[in-house]
Each structure stands twice: as structure tokens, then as C-alpha cells.
Amino acid sequence: MDNIAYYSEKVAIVTGANSGIGFALSEELLKRGAVVYMAGRSPDKLKEASDKLSSYKDRIHLLVMNVTDQQQVQKGIENTAAEAGRIDLLFNNAGVGATLPYEQATLKDWKAIIDTNLWSVIYGVHAAVPIMLKQGSGHIINTSSIAGIIPFPFQALYSLTKFGVTGYTESLKYELMDKGLFFSTVCPANIATPIFNKSIDGKSHGDLRVPDDAYPVDKAAVLILDRVSEKKGIIIVPEEPFTGMWKNYVSGELDDVLTQMTRDRRAAFEKGGMYF
Ligand SMILES: NC(=O)c1ccc[n+]([C@@H]2O[C@H](COP(=O)([O-])OP(=O)(O)OC[C@H]3O[C@@H](n4cnc5c(N)ncnc54)[C@H](OP(=O)(O)O)[C@@H]3O)[C@@H](O)[C@H]2O)c1
């Protein structure tokens with residue numbers, strides 16, 4: 001079966017579906033024939049997003065849940081399984097970014113980003129695994145980041161959460177593979193979405209700013225879904241040059257690049273600007 005037909009009639013939940021990568025994944029899943037539960041914390045934003053996909057409305061369901069609330073996630077996932085009869089794919093995608101000097105981060109920031117980026121994934125997996133074990137099948141796709149395999153400077157908060165997502169997902173991938181469950185870790189580099197002008201609380205500040213080198217979000221969704229259907233574990237988006245960069249980091253050959261990046265970013269912060 002090709003990686004388009006693979007998705008036909010599969011039941012998928014996507015968190016953070018009203019924006020960015022989650023919206024693009026929802027759209028691409030719908031194009032490929034899946035039934036999509038678009039999850040988000042704001043009913044208004046979900047409605048606005050799903051209205052843009054109205055040609056697929058028969059296969060769209062809206063799921064209101066704040067991913068930092070364990071009970072909402074548990075209920076949302078269990079209710080979906082009860083209504084749809086199964087869950088084939090869970091995309092734990094919702095998250096926030098953070099690039100700031102360590103000295104500026106408060107403990108409130110640390111707690112907030114761990115809640116949104118890490119506990120959300122733990123809650124989703126906790127709710128979905130028993131359902132998938134009972135089914136004897138299922139695929140959980142957790143969104144980490146390129147910063148979840150390479151620790152970039154001024155991203156200690158973000159990297160902590162994303163390295164957590166990567167390690168957690170990779171470990172479960174091996175542990176549950178013989179029970180019919182698959183796990184993938186999505187590691188995007190810069191993708192053109194609204195994340196770049198949002199703070200840890202998810203609120204937007206100023207005009208939308210996207211780095212010049214950002215990869216198109218629709219192409220990111222196509223690549224992610226192709227690799228998910230191939231059951232790939234770590235999915236780097238785009239694959240090059242970032243797979244090469246990751247290998248260089250592991251072999252200690254990225255030190256000079258990361259050192260220079262540190263100096264550039266510090267200089268940018270000292271001038272009061274963002275790094276990109
Ligand atoms: N874009 C990139 O360059 C990039 C790179 C690496 C990794 N990522 C990761 O990719 C994922 C998606 O990011 P994106 O770029 O698509 O950003 P985005 O456009 O800002 O979308 C983030 C989504 O997460 C949702 N969300 C945040 N907190 C939530 C909460 N407590 N409960 C429910 N939903 C919540 C947002 O909902 P609201 O609209 O209600 O806030 C929004 O739908 C994130 O995990 C991010 O870390 C992105």
C-alpha cells in the first residue's frame with residue numbers, strides 16, 4: 001500500500017490542530033482519506049480552522065481539550081475511541097517555543113513549558129496506550145524538535161522538554177513494538193508557522209515573524225505523513241541538512257557552529273532583538 005492509501009479511513013487525533021503544523025497535518029490527513037479529530041483548547045479557533053477544511057467536513061470532528069489538563073486529555077481520547085470505535089493515530093503535536101537567555105527564565109516559565117510540551121505528551125500517551133494495546137495496534141507520533149536532538153544555545157527550557165519527548169518516545173518505541181504499537185518522534189527544524197512570535201503562554205506578540213530559512217508547513221506535513229506510514233522512528237524535517245547536522249553534533253563536529261551561534265545570539269539579545 002502506498003503512503004497515501006495507507007491513511008484511508010484511519011482514525012487520527014491531532015493536538016494543536018488549529019494552527020501551524022497541526023493544521024497542516026490535519027489537512028494532509030484529510031486529503032489522504034483519514035477521519036480526523038482536530039483537538040485544540042479554543043472552540044472558536046477550532047471552528048475557524050475546521051471551516052477552512054469544509055470540503056472534508058464529513059470526516060472532521062472537533063475535540064476541545066487543553067493538553068496541560070490531564071483529565072481533559074484522558075476524557076478527550078477515551079471519548080474519541082468510544083465514538084469512532086478505535087484510534088489508529090495520535091499526533092501529540094501541541095506545544096510552545098522559547099528562545100531566551102537562561103537568566104531571564106523564571107521558575108514559572110520552566111513549569112509552564114514543561115506542562116505544555118512534556119506533560120501534554122505524557123498525558124496523551126497515558127490515555128492512548130491502554131486503548132491501543134486493547135486494539136493490538138496503534139501509532140503515536142510525538143512532536144519533539146531539532147532542538148530535541150541538538151541542544152541549541154539560549155533554548156535550555158525548550159530543549160529540556162524536547163529532549164524529554166525524544167527519549168520518552170524512542171524508549172517506548174522499543175518497549176511496545178512487539179505489542180503492535182508504533183512510536184515516532186517528529187523533529188522539525190524551522191517550519192513556517194505562527195510559533196515564532198508566541199511566548200511560553202502561547203500568546204502572540206507583535207507581527208508574525210518567520211525565519212528566512214523556514215521550511216513550508218504544507219511540505220512538512222507531507223514529509224511527516226510519508227515517514228509515519230513507513231513507521232520511521234525519528235523523523236527530521238526537512239531531512240537534510242539537519243540529519244547531517246545531528247550526526248555532526250553526536251560526533252562532536254558541531255562544536256564550532258554551536259559556539260559561533262551562541263555568540264551571535266548573545267549579541268542579538270544584547271541589542272534587544274531576536275536571534276533570527
Ligand atoms: N514551527 C517550528 O519551526 C517548529 C520547530 C520545531 C518544533 N516545533 C513543534 O511543533 C509543534 C507545533 O508547533 P507550530 O510550529 O505548529 O506552532 P503553532 O502554529 O503556534 O501551533 C501550536 C499549537 O499548539 C496549541 N497549544 C499550545 N498550548 C496548548 C494547550 N495548552 N492546549 C492545547 N493546545 C495548545 C496551540 O493552540 P492555541 O492556538 O490555542 O494557542 C496551537 O494550535 C510544537 O510542539 C512545536 O514545539 C515547531
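Predicted model: local features only at pLDDT ≥ 70, side-chain atom pairs only at ≥ 80, totals over all residues.
The overall picture comes first. The secondary structure of the protein comes to eight helices and seven strands. Along its principal axes, the C-alpha trace spans about 55 × 40 × 30 Å. For a chain of 276 residues, a compact globule would have a radius of gyration near 19 Å, and the 18 Å found for the protein agrees with that. Of the 276 residues, 40% are buried.

What lies inside can be considered next. In soluble globular proteins, nonpolar side chains tend to be buried together. The largest nonpolar core here has 68 residues, and the members that touch the most others are Ala12, Ile13, Val14, Val36, Met38, Ile224 and Val237. Helix α4 (residues 107-135) gives the largest share of this core, seven residues. Leaving aside neighbours within four places in sequence, Val237 is in contact with Val186, Cys187, Pro188, Ala189, Ile191, Tyr215, Ala220, Leu223 and Ile224.

Is Val228 buried or exposed? Val228 counts as buried because it has 23 C-beta neighbours inside 10 Å, and the cut-off for a buried residue is 20 or more. Not counting residues up to four places away in sequence, Val228 touches His139, Ile141 and Ser184. Pro216 is twelve residues from Val228 along the chain, and the C-alpha atoms of the two are separated by 18 Å.

Helix α8 can be checked against an expected length. This helix covers residues 255-270, 16 residues in total, and reaches 22 Å from its first C-alpha to its last. That span is close to the 22 Å expected at 1.5 Å a residue. After α8 comes Gly272, whose phi is positive, near 85°.

Finally, there is the ligand. How many residues surround the ligand? The shell holds 30 residues, and the closest are Gly16, Gly20, Gly95, Thr193 and Ile195. By type, the shell divides into eight nonpolar, 19 polar and three charged residues. Helix α1 (residues 20-31) supplies the largest share of the shell, three residues.

Key. Residues numbered from 1 in each chain as written. Helix = DSSP H or I, 4+ residues; strand = E, 2+ residues; numbered from the N terminus. Expected span 1.5 Å × (residues − 1). Near = placed C-beta within 6 Å. Nonpolar A, V, L, I, M, F, W, Y, C, P; charged D, E, K, R; others polar. Core = buried A, V, L, I, M, F, W, Y, C linked by C-beta atoms within 7 Å. Buried ≥ 20, exposed ≤ 12 C-beta atoms within 10 Å, placed from the backbone. Contact = placed C-beta atoms within 7 Å. Rg over C-alpha atoms; globule rule 2.2 N^0.38 Å.
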